[in-house]
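Here are my notes for you, as numbered points that can be followed with the model open beside them.

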Amino acid sequence: MAARADERTRKRLLEMPGVTTLRRQADGTTQAFDLVYVRSGPRGETPVVVLPGGPGLASVMPYIGFRARAQRAGLDVVMMEHRGVGLSRADTDGEDLTFDAMSVPLVVDDLAAVLDDAGIDKAIIYGSSYGSYVAQAFGATHPSRVAGMVLDSPVLGADDHVEVREHARSVLWEGTEETADIAKGLRALVRSGRATQDQVDEVARITYEYGGPRLLRRLAAQQLAGRADRTWRWLASLGDSETDTPVPYIMEFDLAGAIAFRELRYASERDGGPFDRPARFTEVAKRFPPFSGEHFDMLGELPSFDWPLVVLRGERDLRTAPSTAERIASTAPRGVEATLPKTGHSVLDVHPVAARTVMQRIREGKHEELAGAGEELAALPKHGSSRHLATIIRTRLGLERTPFRRGPVRPQL
């Protein structure tokens, strides 16, 4: 039944307006597959190519609403279904693509083929998270085809995790002026045995990014008092579901994840401290090829990126270090940077109105106006995924009430 339902979904998606298939070679052998892309909106002089994160996040199905709103805003948007994911997952015999078919250079070649097939000479390339790495790789390989670039929550290379780890520790383990009491509470959770360090790392990051310090403060207090066990366990499991349970046509890490471990070192050695790479990656890595090195030196390539370039980062993003965003913006000749207050990872997903606004500004030749415009962008109407998850967390916490006491419990953090 599930297989038939998936096939019906596939057929429905392939019949959507603007969806196109393009025959490609999988890995330099005779294996062929149909690469799928979608184009929406009025045909303009400068289309915007949008590359979501992952690797493993689909493009066609998850961003139907985004493309519809972009179309109403007059944007010509192209999105490619990443090889090994969703509509581009299987070869012409119906068999899954192999790990050998998963690499950033091959994905970049796919993107160039999509532009050729769509008759696009130059485009604005918008990459979010892992998609920002693909965007930079495309810029390094096909510079003449880039009219502008947006690097949203950017990935610079396989060693990013060191700065990311130090940033997360400074915010949630050592504590800033705003988060000192939260850090104290998280340390108390580990000391008391109410939570493991790995759980704290996962839960605190998710809650802080999507709900902010106030919600994390409440969650930590209730967990320390023994009143948030179900919510805590649910949040701790979200990371596992992303890497272990493929959701057809939405998030399929099981094939494309080979890039994460072989080229971006997701299973880097942990130093034993808090907020390091998730421990679960050590187990997940056993299913994928080991790290063999990057194909690109992004920091070395950035000085040649002579097009308008905007770096976006959410103030609450604990997966992109501020230093990474600043380094990219200062190294690219025409780079500018904007940090959005009260915003987490991937502006494309958590604040799509801001993402569309950036696309419009760069298309209009106004990218320099975005330098330091984070507050302006963050103040735009917000309807991304962060609001939904924060609401779910608050609702679940509200349901975990003790029958013996009325009112909130406020243990000292």
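1. Apart from neighbours within four places in sequence, Leu 309 is in contact (heavy atoms within 4.5 Å) with Met 149, Leu 151, Ile 328, Ala 332, Arg 334, Gly 335, Val 336 and His 367. Before going further, please keep in mind that this is a predicted model: local features need pLDDT of at least 70, side-chain atom pairs count only at pLDDT 80 or more, and totals for chains, interfaces and linings use all residues. Residues are numbered from 1 along each chain as its sequence is written, and side-chain values use heavy atoms, with hydrogens and water left out.

2. A nonpolar core here is a set of buried Ala, Val, Leu, Ile, Met, Phe, Trp, Tyr and Cys residues joined through side-chain atoms within 4.5 Å. Buried stands for under 20% relative accessible area, exposed for over 50%, and partly exposed for values in between, with a 1.4 Å probe and protein chains only. The largest such core holds 93 residues, and Val 50, Ile 125, Tyr 126, Phe 261, Leu 309 and Leu 312 have the most contacts inside it. Helix α3 (residues 104-118) supplies the largest share of this core, nine residues. Helices (H or I, at least four residues) and strands (E, at least two) are DSSP runs, numbered from the N terminus. There is also a second, separate core of 29 residues, and Val 171, Leu 235, Leu 318 and Ile 393 are among its members.

3. How many cavities of 30 Å³ or more does a search of the whole structure find? The search finds one. A cavity is a set of points, on a 1 Å grid over the protein atoms alone, where a 1.4 Å probe fits but cannot get out; lining residues have an atom within 4 Å of a point. Grid points are joined across faces, edges and corners, and the volume is the space filled by probe spheres set on the points. By that count, about 80 Å³ of space lies in the largest cavity.

4. The lining of the largest cavity includes Leu 51, Pro 52, Met 80, His 82, Val 107 and Tyr 130. Helix α4 (residues 130-141) gives the most to this lining, with three residues. By class, the lining has seven nonpolar, four polar and no charged residues. For these classes, Ala, Val, Leu, Ile, Met, Phe, Trp, Tyr, Cys and Pro count as nonpolar, Asp, Glu, Lys and Arg as charged, and the others, Gly among them, as polar.

5. Two arginines deserve a look. Arg 39 lies in strand β2 (residues 32-40) and is buried, with a relative accessible area of 12%. A polar atom of the Arg 39 side chain lies 3.3 Å from the backbone oxygen of Ala 118. Contacts of Arg 39 beyond four places in sequence include Gly 18, Pro 47, Asp 76 and Ile 120.

6. Arg 262 sits in helix α9 and is buried as well, with a relative accessible area of 14%. Arg 262 and Pro 289 are 27 residues apart in sequence and 5.7 Å apart in space, C-alpha to C-alpha. Not counting residues up to four places away in sequence, Arg 262 touches Phe 99, Asp 100, Met 102, Pro 289, Pro 290, Phe 291, Ser 292 and Gly 293.

7. Now for two loop residues. Ser 103, in the loop between β4 (77-80) and α3, is buried at a relative accessible area of 11%. Pro 143, in the loop between α4 and β6 (146-152), is partly exposed at 42%. Pro 143 is in contact with Phe 138 and Trp 307, leaving aside neighbours within four places in sequence.

8. Finally, some backbone geometry to check. Most residues other than glycine have a negative phi, and most peptide bonds are trans. A cis peptide bond joins Gly 54 and Pro 55, with omega about 0 degrees. Tyr 249 has a positive phi of about 70 degrees and is buried at 9% relative accessibility. Phe 275 has a positive phi near 55 degrees, lies in the loop between α9 and α10 (280-284), and is buried with a relative accessible area of 7%.

Notes:
1 Å grid on protein atoms, 1.4 Å probe; cavity = no way out; pocket = protein on both sides within 12 Å on 5 of 7 lines; lining within 4 Å. Polar contact = N/O pair within 3.5 Å; in protein donor to acceptor, adjacent residues only side chain to side chain.
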